[in-house]
Each structure stands twice: as C-alpha cells, then as structure tokens.
Amino acid sequence: MATTALDPRPNIPSATVRLPAVKDYEQVDREIIGTLKPTLGWFALLAIAVLCLLVGIAGWFYQVYSGLGVAGYSPPVMWGVYIITFVFWIGIGHAGTLISAILYLFRAGFRTSIYRCAEAMTVFAVMTAGLFPILHLGRPWKFFWLIPYPNWRLLWPQFKSPLVWDVFAILTYFTVSSTFLYIGLIPDIATLRDRETNPVRKRIYAVLSLGWRNSDREWRHFTRAYLFLAAFSTPLVLSVHSVVSFDFAMALTPGWHATIFPPYFVAGAIFSGMGMVFTIIIPIRKYFGLQHYVTLNDLDGAAKMTLFTSLVVGLAYLTEFQIAWMSGNQYEQDYFWNRVFGQWAWAAWIMILCNMVLPLSLFSRRLRRNPAWLWILSIFINLGMWFERFVIVVPSLSHEFEPWQWTTYAPTFVDYSILIGSFGWFFMWFLLFCRQLPILAISELKEVVRPRLKHGGGGH
Amino acid sequence: MPGLVGVFHELDSAVNAIGELRRNRFGDITVYSPTPRHELEEALEAPPSRVRVFTLFGGLAGASFGYLISIWASKYWPLVVGGKAIATWVPYTIFAFELMVLIGSLATVYALFGLSRIPRLTMTVGYDERFSQGHFGIWVATTPERAKEASDLLGRHGAVEVRHES
C-alpha cells in the first residue's frame, strides 16, 4: 500500500486566514447552523422592521392618491429624498460586491468570514434602491415603459438617456448579484438539507440545493464558474455607480457637471457599504458568539479598506472645490461657496465630519480592532453618506444659474415615512434571510479549517 | 454500473486511495468532499472545466446584442436632436457592457448547471449525507469480478465504511 504524507495547502480565497478556535468541519456546521434557530430578539426586530415598512407603504399610498406634490417637491427642486435614498441604497450594495467579488480576485483573507453577509446585504440594498425610481414616478404603474421591448405603441426608449442606462445597469446588477449569492449558497443549502430533520424544510432545502452532492465534478465547475462570476461582477460594480453618477454628471447643473463623478461615486459607494457591513456584522458576531469566525483580524482588514475609501472620498471632495476654483466659472464657484458656507453649510459639515474626519481614527490600530468603536463609527458613516447625497442633490437644484430661481427644500412627512419604510423593507429581508440561510459561508469556512489527516502530522 | 462507495475520515487517506485506484486502472471514480480541495483535484487529474467557453461566447453575444438593439431601435424610431448622430456608439457601449455582463454571467451559470448535471431530482447512488459534513467519499464503478479487490483497497487505505451500491 503506497501512502504519502500530505501537507494540505489552503484553498484560494483564504490564503492568509487562520481560525485557531475552529477545530474541524463538524464544528463549522454545528455553530453556523445553530444561528438559524429563531429567538425572541429576532421576532422583535422583525416586528420593528415590518412596522417601519408599513409606515412607508402608508406614505406611498397617500402620495399615489394625492400626487407627487405631497413629497415636498416644487420647481426647480424636483429631486429630493427619493433620489438621495436611491443613491444611498445603491451605494450600500456596492461593498457587498466589492467584498464578495473583488476581494475574492485579490485573495484577501478577511473576506471569507464576512462576504456572505455583505453579499446578502447587496441584494437587499439593490432591491430597496430599485423601488425609488418607481416611487418617484407620478404614474408608477407605467415604470415598465423604460424597458425596451416590442410593443403595440411602436415606441422605443431614448437610448441616450441616463435614465435608460440606469435601468440596464441596475437590472443587470440585481440579476448578477442575486445569481452570485445563490450560486455561492447552493453547497451550503445542501449541507442544511443533509442536517435538517423537519421533512418539510428538508424538502424545501432539497429543491433549493438542486440536488447538489459535493462531487468532484460539481466542485470543479463550481469553482471555475464562481471565479468568472466574480470577474464579471468586478467591472460591473464599477460601472453601476458610474452610470448612477451620469444621472447627475450629464446635466449642465452647477456642482453636477463634472468628470470626477464616476470615480467619486464608486469610492463613496464602497465606503458607505463598508459602513453598513460593520453596522450589520458586528451585532451578528456578538449576538451569535461568532467572534472566532469573524475575528479581530477580519475587522481590522475591513477597517483598513474603510479608511482607504474614506481618504479617496475626502480627496474627491477637495478636488471638486479645486475644479470649481480653477474653472473660473462664476456659477460653479458660487454654488460651492453656498454649499459649504451658505444655505446648506449644516449638511455639508455633517458630511465632512462623518466621512472625512471621524474615519481618520482608523489610523489607530487599537480603534480598528475595537468592535464597539467600529460600530459607532459605522452609524456616523451611514449618516454621513446619506448627507453626502443630500449635499449633491439639493444644493445644486436649489442654487442654479438664475438668482430668481434660488429656493429651499424641506422633506415632508411623506418623504420621511418612505425613508423609514426603505429601512424596514431592507431589514425585513435581511432578518428573514439570516433565519433561513447561513449568514456565514459554511463551505468556504471549511476551506480555511485544516482537514483531518492520518499521516500529515498535526491533523485534527 | 454497480460500484462501491468508501467513506473516509481523513483527507490524505482519500487521496492515497484515489491514487491506488487509478494505478490499478479502476474506471469511473467520483469523489465527494465537503469543500473543494486541490489535493483531490490533483489526485484525480481531471481536465479543466469547460465553463470558460460558455462564459466567452455568452459575453460576446451579450455585447453584440447590446449594440444591436440600441442602434436598431434608434434607427427604427429616430429621435433627432440638434443634428446629432442618431445612433452613436459611445453611449451605446453602456448597453453593450451591461448585456455582456448579464448574458455572460447567465451563460456561466447555465454551463455550471449543464456540466455539473444539476438540477438533479434524485440523489445518485453513492451519495451519503456525511459528505456534506466532515467526511470524504470515493465512489468507484466496478464489475462484480473486481468488487472484492476494490473493497479491500478502500479498506486498506482507512475507509471507515465500504458498501456496495447499484
């Protein structure tokens, strides 16, 4: 009998990760599947999320009945909370794809433990964002007119319009990111199927796992397909927020008409998404006792990424001012002055404080490895990034070329209720997800755990 | 074809068993593992996945369709603005790109399903629920005459269970 000692090499996405407290594959199954049991806290959070959603639905029905005027829009400020929140949620989604796809290609170790959570966050954030252009329509039931298809009206959309670009970009992004999430979930659903004792749930998992059986043939094609999906998602994530930025940059409005917008929006999106990842993953880690999976090293790595994107965003803010100053364009200069020292100074300074100043604390290694601080900071980042979009949208529209057009804007209770409803919608889906499907990737975590060996030495 | 399935606790035992099965010219071997492992892939010397071909052609078809639909629709329903070109490739590259990603990704998933032979309505012979947890499995198709030889080989390499299935 020929036997050879084996020194198992780590698999691709997890080259630098070590989880010393995880001893074997069975422990991974036991602990991750253990998070699926419903608890009183989960029901309470779900009830709050559904309540928020109902508030949003009520606001929307009122708006459909009364018309868009109840949402606080009056010329020339015809974009407000809805577009701000649309860009905000699209941005949140970007960190999920960054973590699951881009960091996969770069072999970043800290990705393994947090990517499933981030990926689910992406899908639900895009589902939330996708509602806003429809909510913003006077006749929302006609939204499908934007989709090009042969129709009896013999009409086709204007392919040079950024709004049609948006439709293509966001539908593609939603389809690809949800496909990417589902493909990654298939082996884990198969694990759930094999562990489940309830016959109804077992049947549901059997259908969802598509008869997956962990064979070498399946893994061989799976790893290759996953790599290509990651390779497609990487430029996609950059393109989607670039296209969203074109909604603004293609207009001649002061403050919007800038070539810096695509990279500025992409960096901001990743930054805001990292903030939401911390907001979600830190309580999950604590609540389920998963500190030995989502380690301080992982949080440290994600915090460095957050710091980097914060610096890029800060540079973009300063570059905007420099461009306005050097352009010699009086409207552009007035607009930027008004943004920071005039009518909208309070919003601009919230943005600068939350997105440029507070994240500088992440230069400290101690703070990067302090989950409580990371969570508090993440709330400021979420707030700051919502205000960034406010500062982009509202000051430009309220301070265009003609002084007689200068005006102000204040959201109404309908805006606020729909904003609250969007958080309810997002968290409702997220909470349902984390009770039915593993919030940490079981099969990828097993790649990090040293397999049991007979002759390799040090096997468990 | 009938065969045997061996259940292994240890990765190296499974790798060694695969090596010896291949040296002894046993045909059709399928390996089950809770997570993909390079060691198993190398022991099997499986050919590279053909998923890439579908990805390439899906991406090219999507990009072509993106240009085609936007140029055709612009010419079919011209929106003439200030003497500007009716069909122009620069903004239409957005459609080409998005559809390249969309169709390319869906073609990749189609290839994954087709080549892996999923969705599968019933579990094939040889599968054991332990293979999604912590055990490794080797299914080897044998004739009844060589079944004993294969069973002994798997047992020698440390299989915790060997059973006949057909």
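Q: Which peptide bond in chain A is cis?
A: In this predicted model, the bond from Pro75(A) to Pro76(A) is cis, with omega near 5°. Pro76(A) belongs to the loop that runs between helix H2 (40-66) and helix H3 (81-105) of chain A.

Q: Which residue does a cis peptide bond join to Pro119(B), and where does Pro119(B) lie?
A: The partner is Ile118(B), and omega for this cis bond is about 0°. Pro119(B) sits in the loop between helix H4 (89-116) and strand E3 (136-141) of chain B.

Q: What is the phi of Arg25(B), and is Arg25(B) buried or exposed?
A: Although Arg25(B) is not a glycine, its phi is positive, at about 60°. Arg25(B) is part of the loop between helix H1 (11-23) and strand E2 (29-32) of chain B. Arg25(B) counts as exposed because it has 7 C-beta neighbours inside 10 Å, where the cut-off for exposed is 12 or fewer.

Q: Where is Glu45(B) found, and what is its phi?
A: Glu45(B) is found in the chain B loop between helix H2 (38-44) and helix H3 (51-76), and it has a positive phi of about 50° without being a glycine.

Notes
Residues are numbered from 1 along each chain as its sequence is written. Chains are lettered from A and ligands numbered from 1 in the order in which they are written. This is a predicted model: local features need pLDDT of at least 70, side-chain atom pairs count only at pLDDT 80 or more; totals for chains, interfaces and linings use all residues. Helices (H or I, at least four residues) and strands (E, at least two) are DSSP runs, numbered from the N terminus. A residue is buried if 20 or more other C-beta atoms lie within 10 Å of its own, exposed if 12 or fewer, and partly exposed in between; C-beta atoms are placed from the backbone.
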